[in-house]
Amino acid sequence: MADKADKAAVAVGLGAAGVAAGLVARSLVKKDRGSDGDAAHPEGWKAVTVLGDAEEFRSGGEYPEPLQRLAASLEIRIDPAPGDEGFEVHARIRQGVDVDGDGDPNAALRAALRDAKQVFETGEVLRATPRPHGKRPHTLLGGAVDEAEDDAKGEGVL
């Protein structure tokens, strides 16, 4: 019986040491980079990498619908992605132009870029809700997942 308890204690100790080592490594990497990648671009540009052919992204002279809605208010630039892995769509709100819509214009730009990427790559804007499997019980981890889904269209990496 003591042998099982000793093995469990060793496993817990190794797990705790692994977590601690991961946290130390993460803090060293963040210090080295000086940024977590979420800082605002000094010139207001936001970008998203899209898989596919850049020529098809603006088919018929128009961007995919989510981005086309704001296109008149934006400066848009398309560049090749590093490693020939698709292309990058860069966009920013033009100086002195109001973006139609409610709320934060930067949030509208972020959503338009993200949604245009999804429409181009999959043909639709992907949604996690409503869940096809019904309601999830309210638990600690389920609540964390629900909150992450709700915040997914907010700030952070596109």
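Among contacts in the protein between residues at least 6 apart in sequence, what percentage join residues at least 24 apart?

Author: The model is predicted. Among contacts between residues at least 6 apart in sequence, 58% join residues at least 24 apart. The protein has 5 helices and 3 strands, and along the sequence these follow the pattern α-β-α-α-β-β-α-α. Of its 158 residues, 19% count as buried. The accessible surface comes to about 11,200 Å², and carbon and sulfur atoms account for 55% of that area.

Now the aromatic rings. The count of aromatic pairs comes to 4. In one of them, Phe-57 and Tyr-63 are tilted, with 5.9 Å centre to centre and 55° between the planes. Both of these residues are buried. In another pair, Phe-57 and Phe-120 are edge-to-face, at 5.3 Å centre to centre and with 70° between the planes. Phe-57 lies in helix α2 (residues 54-57) and Phe-120 in helix α4, so this pair ties together parts that are 63 residues apart in sequence. The two partners can also be described by burial: Phe-57 is buried, with a relative accessible area of 2%, whereas Phe-120 is partly exposed, at 21%. The cut-off for buried is under 20% relative accessible area. Ring pairs link Phe-57, Tyr-63, Phe-87 and Phe-120 into a cluster.

Phe-57 leads on to the core. The largest nonpolar core has 16 residues, and Phe-57, Leu-67, Leu-74, Val-89 and Leu-113 are those with the most contacts inside it. At least two residues of this core come from each of β1 (46-50), β3 (87-93) and α4 (105-122). Helix α4 gives the most, with 4 residues. In soluble globular proteins, nonpolar side chains tend to be buried together.

The strands come next. In β3, 6 of the 7 residues are buried, so this strand is largely enclosed by the rest of the structure. Strand β1 runs antiparallel to β3, and 5 bridges join the two. Across this pairing, Thr-49 has Glu-88 as its bridge partner in β3, and Lys-46 stands opposite Ala-91.

Leu-74, one of the core residues with the most contacts, stands opposite Ile-93 in β3. β2 and β3 form a hairpin with 6 residues between them, and in the turn Gly-83 has a positive phi of about 70°.

Two further details complete the view. Arg-77 lies over the face of Trp-45, at 4.6 Å from the ring centre. His-41 is found in the loop between α1 (2-33) and β1 and is partly exposed, with a relative accessible area of 38%. His-41 and Arg-92 are 51 residues apart in sequence and 9.8 Å apart in space, C-alpha to C-alpha.

Methods
Residues numbered from 1 in each chain as written. Predicted model: local features only at pLDDT ≥ 70, side-chain atom pairs only at ≥ 80, totals over all residues. Heavy atoms only, no water. Core = buried A, V, L, I, M, F, W, Y, C linked by side-chain atoms within 4.5 Å. Buried < 20%, exposed > 50% of the residue type's maximum accessible area, 1.4 Å probe, protein only. Phe/Tyr/Trp six-rings, centres within 6.5 Å; stacked < 30°, edge-to-face > 60°. Lys NZ or Arg CZ within 6 Å of the ring centre and 35° of its normal. Contact = heavy atoms within 4.5 Å. Areas by Shrake-Rupley, 256 points an atom, 1.4 Å probe, with all protein chains shown as cover. Pairing = 2+ DSSP bridges.
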